[in-house]
Amino acid sequence: VVPAGAPLLPKIIVINGKSDWKKLAALPKTSAVHPIIVICSYDLAATEIGVETLSKIPFECLVADEGHYLKTRNTKRSKAVFKTLLPNIPKVIALSGTPITTCITDLYTWANALAPKDFPNYYVFANRYAEQTRTPFGIKYHGLRNEDELRTKIRSKWFLRYTKDEVLPELPDKQFIEVPLPASLAVKSLPQVNRTAVEQAMIDMLLHIENPEKHSMPLAVQSVVKSIRQAQGLAKVDAVGAYVENMLDQDIPVVLFAHHRSVISLYEKHLSAYNPVIITGDHSSKERMEAVEGFQAGKTNLFIGQFVAAGTGITLTRSSTVVLAELDYSPAIIAQAVDRTHRIGQKNSVSVHYFVVDGSIENRIVSVLVEKTKVFQKALN
């Protein structure tokens, strides 16, 4: 019962499908009559019914959680938010633990949305603040230029950064542990793939692009890069699996991340005696929740997750040991995954174990990750 004269409590609408859009459309559109809070995924907001319904409601504030999901300018979700919703909403808050995921240009969409006069054009932004290299596939943006100017512009107007040290001083440290594996495990070529010297040179160059599997390149080269990366992940399973078994035999809860589903399937088989719970893109929301709850409750000591599917939105603080069975091209994606354990509720220092085979594709990925991390730290101070 709300006392007379008391402000109305907001009605919270969670959008899961068409029926929820209809409920929302039926509500009064005036906040003075009935304040509402709408919780919706980016993809649902980008649907035709989502854009139509949301654009008719006079929202006072937009909160974009995990705002880096809108870093690509021309996706449906970005167009729905930046071109349809945001121009009609007076207050906007974008939240992200990793606002730059692959390149400094990731900042552009939000920089343009929040300070269009300072950042009116993508190519002006990219040419001003990123290094450029001409490749056989076009201009590649990387690195950072004019960092002091960029920091001043964003921090003086719309960028606030709080570190874990500031907001969670009691949170223990993280430490990264590099584990060398025998060079005999390095996958340098695939017998089923015929590569010319020119193609090999192209592959070597592409390994230093932020994400060569998404870069514009000949399909033959793209296929080779993906195949070698996957083959390298498969080649390490026995060695990494034995490393994890040693921890599990000591009753140490372990969180293991990998990129390829085929690699995850092998770990599931290799470590089946430890009754692992698993999250990949194939699992439903209910299955993911059950996997997390089972691990946190101590029903198993082994959680196996795919970087993107299990790298955000869940808590795995029962473990302080993370194993990176494969590596991602983006330090932000790795950081998000590791931070499933390094968050409120963690009592112990988190150790992150990653594996490097000399002469392998992942050995090169490590050097790229280090360089990107330096760039991000400079840009964000």
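Biologist: Hi! Is T101 buried or exposed?

Modeller: T101 is buried, with a relative accessible area of 6%. Keep in mind that this is a predicted model.

Biologist: Good to know. Where is the place of T101?

Modeller: T101 belongs to the loop between β4 (91–94) and α5 (108–114).

Biologist: And what does the side chain of T101 make a polar contact with?

Modeller: With the side chain of K71, at 2.6 Å. Leaving aside neighbours within four places in sequence, T101 is in contact with H68, K71, D106, S330, P331, A332 and F376.

Biologist: Let's switch to the cores. How many residues has the largest nonpolar core?

Modeller: That core has 33 residues, and those with the most contacts inside it are F257, I279, F303, L324 and L327. Apart from it lies another core of 23 residues, with Y129, L150, I154 and F159 among them.

Biologist: Which residues is L327 in contact with, leaving aside its neighbours within four places in sequence?

Modeller: The list for L327 is R229, F307, I334, Y354, E362, I365, V366 and L369.

Biologist: Now the aromatics. Which residues form one aromatic cluster?

Modeller: One cluster is made up of Y108, F119, Y122, Y123, F125, Y129 and Y141. The count for the model comes to 12 aromatic pairs.

Biologist: Which ring does the charged end of R73 sit over?

Modeller: The ring of Y122, with the charged end of R73 3.8 Å from its centre. K153 has its charged end over the ring of F119, 5.4 Å from the centre.

Biologist: Helix α12 next. Which of the residues in α12 are buried?

Modeller: In α12 (residues 261–270), the buried residues are V263, I264 and Y267. They cover an arc of only 100° around the axis, so they lie on the same side of α12.

Biologist: Last topic, backbone. What is phi of E66?

Modeller: Phi of E66 is near 50°, a positive value in a residue other than glycine. E66 lies in the loop between β3 (61–64) and α4 (76–85).

Biologist: Why does E66 count as buried?

Modeller: Because its relative accessibility is 19%, and buried means under 20%.

Biologist: And N275, is that one buried or exposed?

Modeller: N275 is exposed, with a relative accessible area of 51%. Phi of N275 is near 50°, a positive value in a residue other than glycine, and N275 sits in the loop between α12 and β9 (277–279).

Key:
Residues numbered from 1 in each chain as written. Predicted model: local features only at pLDDT ≥ 70, side-chain atom pairs only at ≥ 80, totals over all residues. Heavy atoms only, no water. Core = buried A, V, L, I, M, F, W, Y, C linked by side-chain atoms within 4.5 Å. Buried < 20%, exposed > 50% of the residue type's maximum accessible area, 1.4 Å probe, protein only. Contact = heavy atoms within 4.5 Å. Helix = DSSP H or I, 4+ residues; strand = E, 2+ residues; numbered from the N terminus. Polar contact = N/O pair within 3.5 Å; in protein donor to acceptor, adjacent residues only side chain to side chain. Arc of directions from axis to C-beta. Phe/Tyr/Trp six-rings, centres within 6.5 Å; stacked < 30°, edge-to-face > 60°. Lys NZ or Arg CZ within 6 Å of the ring centre and 35° of its normal.
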